[in-house]
Amino acid sequence: MKEKNENLLAQNRKARHDYFIKETLEAGIALTGTEIKSVRARRITLKDGYVQIIDGSAFLENVHISEYKQGNRYNHDPLRSRRLLLHKNEIRRLAKAAEERGITIIPLKVYLKHGFAKVLIGVAQGKKQYDKRETIKKRDQEREIRRKYRV
């Protein structure tokens with residue numbers, strides 16, 4: 001699935017550094033009026049976000065969407081829980097995966113698709129420190145090889 005860069009609103013760059021992404025899934029987000037205006041203005045941070053399954057519903061937790069400047073009294077709480085719009089079987093599959101030890105569900109990207117805000121969530125397993133160093137080493141080696149063959 002390729003999105004155009006102009007539709008990409010936010011990206012969790014640290015996620016692929018800190019986690020092995022086993023599976024990805026696209027979900028809609030239930031947002032209020034001032035929230036969608038802030039999201040379209042790219043005033044969203046995914047850095048510490050995660051997905052929690054509560055009573056058969058998926059919720060996006062700890063994702064900061066800044067208050068809308070012209071929102072006055074209708075503004076939202078920046079860190080409130082937001083419901084994810086998924087099919088029941090997808091939620092069941094995510095809940096089963098989240099029960100495993102060391103597995104977490106994190107948001108990877110937020111983008112617009114046909115005018116609606118979508119979030120790409122990933123079923124992730126945490127990396128150890130030596131895994132992170134290995135990833136950096138591999139990336140540097142590939143960069144050196146590309147640099148050699150480009151000349």
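Buried means under 20% relative accessible area, exposed over 50%, and partly exposed in between (1.4 Å probe, protein chains only). The model shown is predicted: local features need pLDDT of at least 70, side-chain atom pairs count only at pLDDT 80 or more, and totals for chains, interfaces and linings use all residues. Residues are numbered from 1 along each chain as its sequence is written, and side-chain values use heavy atoms, with hydrogens and water left out.

**View 1. Thr45 lies in strand β3 (residues 44–45).**
Helices (H or I, at least four residues) and strands (E, at least two) are DSSP runs, numbered from the N terminus. Thr45 is partly exposed, at a relative accessible area of 42%. Thr45 touches Val63 and His64, leaving aside residues up to four places away in sequence; contact means heavy atoms within 4.5 Å. From Thr45 to Ile105 is 60 residues in sequence and 16 Å in space, C-alpha to C-alpha.

**View 2. Asn12 sits in the loop between β1 (8–11) and α1 (15–18).**
Asn12 is buried, with a relative accessible area of 9%. Its contacts are Leu46, Lys47, Pro107 and Leu108, not counting residues up to four places away in sequence.

The 12 residues of α3 reach 17 Å from first C-alpha to last, close to the 16 Å expected at 1.5 Å a residue. That expected span is 1.5 Å times one less than the number of residues. Glu90, Ile91, Leu94 and Ala97 are the buried residues of α3. The buried residues of α3 pack against β2 (19–29), β4 (50–54), β5 (57–61), β8 (103–113) and β9 (116–126).

**View 3. Strand β5 pairs with β4 and with β7 (residues 82–85).**
Two strands pair if DSSP finds at least two bridges between them. β4 and β5 are antiparallel over 5 bridges, and Tyr50 stands opposite Glu61 in β5. These two strands form a hairpin with 2 residues between them, and Asp55 in the turn has a positive phi of about 50 degrees. β5 and β7 are antiparallel over 3 bridges; here Phe59 stands opposite Arg83 in β7. Because 4 of its 5 residues are buried, β5 is largely enclosed by the rest of the structure.
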